[in-house]
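Subject: The model we talked about

Hi there,

Here is the structure for you to open alongside this message. My notes follow below it.

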Amino acid sequence: MIDFLQIVIYGIVLGSIIALGAIGVSLIFGILRFAHFAHGDLMTLGAYFALAGVAGMSMPMFAAFGLALAATALVAIGIDRALYSRLQQVSPIILLISSVGVALMLRSLVQMIWGPDNQVYEQGITMPWVFAGGLRIQPTQVMIVGGAAGLMLLLHLFLQHTRFGKAMRAMSDNPDLARLSGINTERVVILTWIIAGVLAAAAGIFLGMDTRLHPIMGWKLLLPVFAAAIFGGIGKPYGAVAGALVIGLAQEMSTLVLPAAYKPAVAFALMVIILVWRPTGIFSGKVL
Amino acid sequence: MELSGLFSYFVFFLSMASVYAVLVLGLNIQWGYNGQLNIGVAAFFAVGAYTTAIVTGPASDNYLGGFGLPFLVGLLLAMVVAGLLALVIGLITVNLRSDYLAIATIGIAEIVRLVLKNEAWLTNGVRGISSIPSPFDELSGIAEGMAYLAILLVFVGGVYWTCQRLFRSPWARVLRAIRANEDAVRAAGKNVLLFRVEAFVLGSMFMGLGGALYAHFVGFISPSAFDPMFATFVVWVMLIAGGSGNNRGALLGAVVIWAVWTMSSSMIDVLADTGLLPDQLATQASTLRIFLIGLLLEIILLTRREGLLPERPPKAIDRAD
Amino acid sequence: MSLLTAEELYGGYGGGDILNGVSMHVDAGEIVVIVGPNGAGKSTAMKALFGLVNVRSGRVTFRDEDITRLSPDRIVGRGVCYVPQEANVFPSLSVLENLEMGAFIRKDDYSAQIERVFELFPPLKEKRGQAAGTLSGGQRQMVAIGRALMLDPSVLMLDEPTAGLSPKFIDLIFERIQEVNASGVSILMVEQNARHALSLADRGYVLVLGANRHEDTGPNLLADREVAEMFLGG
């Protein structure tokens with residue numbers, strides 16, 4: 001029983017991390033209408049920015065966290081201005097291919113600057129809290145789930161209660177009508193990248209805290225992130241959260257029957273099932 | 001570099017370019033003819049390589065092997081197994097829009113990679129399979145290289161000729177029609193699914209062939225040889241650079257980008273030797289090359305996304321349908 | 001002096017021209033209706049006025065300002081609002097949020113305008129928190145028109161506002177359009193329900209094959225034999 005609960009906890013932690021990435025991917029799908037394959041590496045970039053803060057500039061973790069979120073958002077906007085916005089008129093496929101190129105460039109840059117080896121934010125082992133029955137919870141795990149929940153709450157408040165948040169939802173629904181109503185679509189696009197960049201960076205940092213930093217850490221999570229976004233209904237950020245928890249839990253629970261190495265295959269299998277059975281996702285998002 | 005060294009370098013260059021040419025031609029059938037976004041090229045490449053390695057390779061205590069089948073059978077089986085994998089995937093994913101198909105193919109590549117790494121009883125895991133025989137093992141040195149290159153060129157020619165014939169065939173015309181207006185084709189009574197799956201399977205079979213040719217060329221394969229960066233991404237850049245949708249572009253792209261790849265390696269070495277390149281970058285030469293290839297892709301997409309040889313639809317006469 | 005004019009418009013979506021020299025004008029306070037057979041280019045003409053269609057040659061002016069090359073979001077700021085025929089609400093947003101989006105570029109307090117829209121369309125007040133996509137066709141149309149009214153426009157353009165609605169709603173929508181007009185908004189409307197639309201129009205244009213065919217007052221067009229022949233019933 002305790003082992004099972006332990007796995008559930010791992011699942012929730014992983015699900016929280018995936019959720020932050022999946023929300024971004026879903027928003028980009030909904031507003032910019034393409035599959036952003038560089039999202040995983042955006043997460044990696046965020047994680048390494050934080051490492052630069054902590055290891056390179058001896059900042060406390062929370063300051064490095066903030067720095068990384070801001071820096072990643074700026075990079076995301078920069079990539080959009082330099083590349084994606086110029087290809088927007090062509091086709092979603094070209095944008096996808098372009099984002100694959102960006103993914104590779106980001107990954108290579110990270111590896112060239114910080115090296116190919118595993119790294120961590122803090123050396124040493126932190127002791128977990130032990131509960132009745134031997135249940136172990138790491139403080140970082142609490143931070144991750146709490147932090148992710150906090151960010152998601154902020155996003156929810158933004159989307160539901162602010163003028164630009166509603167404009168984002170409007171643009172996701174119907175970009176032509178948004179333009180007709182006078183909504184400044186350029187600004188909404190920039191906001192989308194800011195949010196996506198911030199959430200991706202947070203996801204990357206949390207992932208680094210939970211496991212370790214490695215140049216392909218984000219790329220390895222790309223498939224579960226997309227699976228979660230598709231599962232919840234592309235273009236529906238709230239659905240993405242639900243999808244992420246499902247994927248996270250499923251991946252961890254699969255270790256009961258499958259070798260741990262096959263965890264990504266679980267996410268993939270779930271995604272294929274959804275795509276074949278109900279392509280609009282559990283909560284009926286768009287179909288691209 | 002002395003002449004014989006230069007010549008053997010040239011033979012090596014052309015041989016690898018040929019392997020890639022076969023891969024790109026296969027991808028062109030999926031993307032150029034059929035608009036399918038296969039980002040799992042590495043999977044079919046790997047499956048082809050491993051199939052031929054297992055069936056033609058020496059016996060081993062660690063993994064399945066020792067069938068000792070001849071070279072051509074190895075190639076054939078590589079194509080068959082790659083085709084079967086494509087068939088399964090194709091039937092599941094055939095109706096997915098391109099973006100979804102792309103994600104699905106990434107998943108496939110990941111699963112194949114996991115199987116190759118973990119199912120050591122089949123593939124010898126990360127240690128890889130070595131001593132893969134080549135039909136010219138008895139020859140040595142440059143003679144073996146040249147003989148194998150000849151074989152490679154024959155295969156490239158054969159695949160190219162097949163692709164060109166297909167391009168002008170009614171089959172390809174239907175594919176083009178499907179790309180333009182799927183509903184109209186379905187209304188005309190054609191089985192759109194079947195055509196799509198056929199294109200996917202055929203393209204994947206060529207990728208498997210490329211993998212098999214590669215395996216016999218280098219004689220040793222391991223999961224790391226099919227890293228998605230190398231196997232999949234470079235093939236895509238070759239197709240786009242050369243001109244997606246046309247076979248001559250595929251060949252040109254393979255040669256040009258492979259040249260860029262190998263020359264960038266030499267260039268980086270030179271820069272490192274002369275001290276112009278920081279040490280940290282010099283040791284990461286391959287990563288830098290990947291970065292540059294990625295940059296090249298973006299520049300191509302921004303400035304000339306039709307590639308070097310833009311797609312030219314077949315002459316009006318062929319459109320008499 | 002006309003509020004909104006179009007002079008000799010030629011243009012279309014890309015390849016060939018759909019509009020072959022269309023001209024029309026809307027004066028302050030008028031209801032102007034555009035009718036014609038299917039494929040006549042009625043919707044295209046109105047979209048061209050709003051900057052949604054490529055105008056190859058010709059001129060569109062609003063209050064004497066040349067707005068031919070302006071994009072829709074610029075035109076909206078000048079007091080011309082447009083209700084498309086389809087996809088004219090934000091389905092996942094609530095009724096109230098739809099109206100808020102209509103008022104996006106307003107810097108002032110627009111709660112009075114929201115109240116006015118609710119007075120015009122009482123069911124919307126009741127369902128203000130409901131997602132617009134879950135409403136019936138007629139109620140959705142109310143939201144669509146309400147959204148466009150939020151900027152207090154001088155000219156309201158409507159593309160087939162009663163398409164696909166039940167007779168009860170058709171009457172209701174036409175009634176409301178007249179009310180909006182009575183409050184000072186000029187109306188330009190494309191309609192398939194030609195007979196009904198012309199009965200409340202000040203003037204009408206009959207377009208055929210992308211060109212002007214007839215132009216007259218509403219009552220005159222209704223009485224015209226040739227026009228009647230083109231529209232049996234409708």
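A definition to begin with: two strands count as paired if DSSP finds at least two bridges between them, and helices (H or I, at least four residues) and strands (E, at least two) are DSSP runs numbered from the N terminus. Please keep in mind that this is a predicted model, where local features need pLDDT of at least 70, side-chain atom pairs count only at pLDDT 80 or more, and totals for chains, interfaces and linings use all residues. Residues are numbered from 1 along each chain as its sequence is written, chains are lettered from A and ligands numbered from 1 in the order in which they are written, and side-chain values use heavy atoms, leaving out hydrogens and water.

**Strands in chain C**

Strand β1 (residues 4-12) of chain C pairs with β4 (residues 54-62) of chain C through seven bridges, in the antiparallel sense. There, Leu4(C) sits opposite Phe62(C) of β4(C). β1(C) is also joined to β2 (residues 19-26) of chain C, again antiparallel, by six bridges, and Leu9(C) has Val22(C) in β2(C) as its bridge partner.

Chain C also has an open, mixed sheet of six strands, in the order β6-β7-β8-β3-β9-β10. Because β6 (80-83) and β10 (211-217) of chain C are the edge strands, each with a single partner, one side of each has no neighbour in the sheet. β6(C) runs parallel to β7 (residues 155-159) of chain C, with four bridges between them; Val83(C) faces Leu158(C) in β7(C).

**Helices over the sheet**

Contact here means heavy atoms within 4.5 Å. Angles run from 0 to 180 degrees between N-to-C directions, with axes fitted to C-alpha atoms, for helices over the stretch in contact. Helix α1 (residues 42-49) of chain C lies across β3, β6, β7, β8 and β9 of chain C, at about 150° to β7(C). Helix α7 (residues 167-182) of chain C lies across β3, β7 and β8 of chain C, at about 150° to β8(C).

**Where chains A and B meet**

In this interface, 46 residues of chain A are in contact with 40 residues of chain B. The buried area (accessible area, 1.4 Å probe, lost on putting the two parts together, summed over both) is about 3,700 Å², with 79% from carbon and sulfur atoms. Salt bridges (a Lys or Arg side-chain nitrogen within 4 Å of an Asp or Glu carboxyl oxygen) number zero between chain A and chain B.

Happy browsing!
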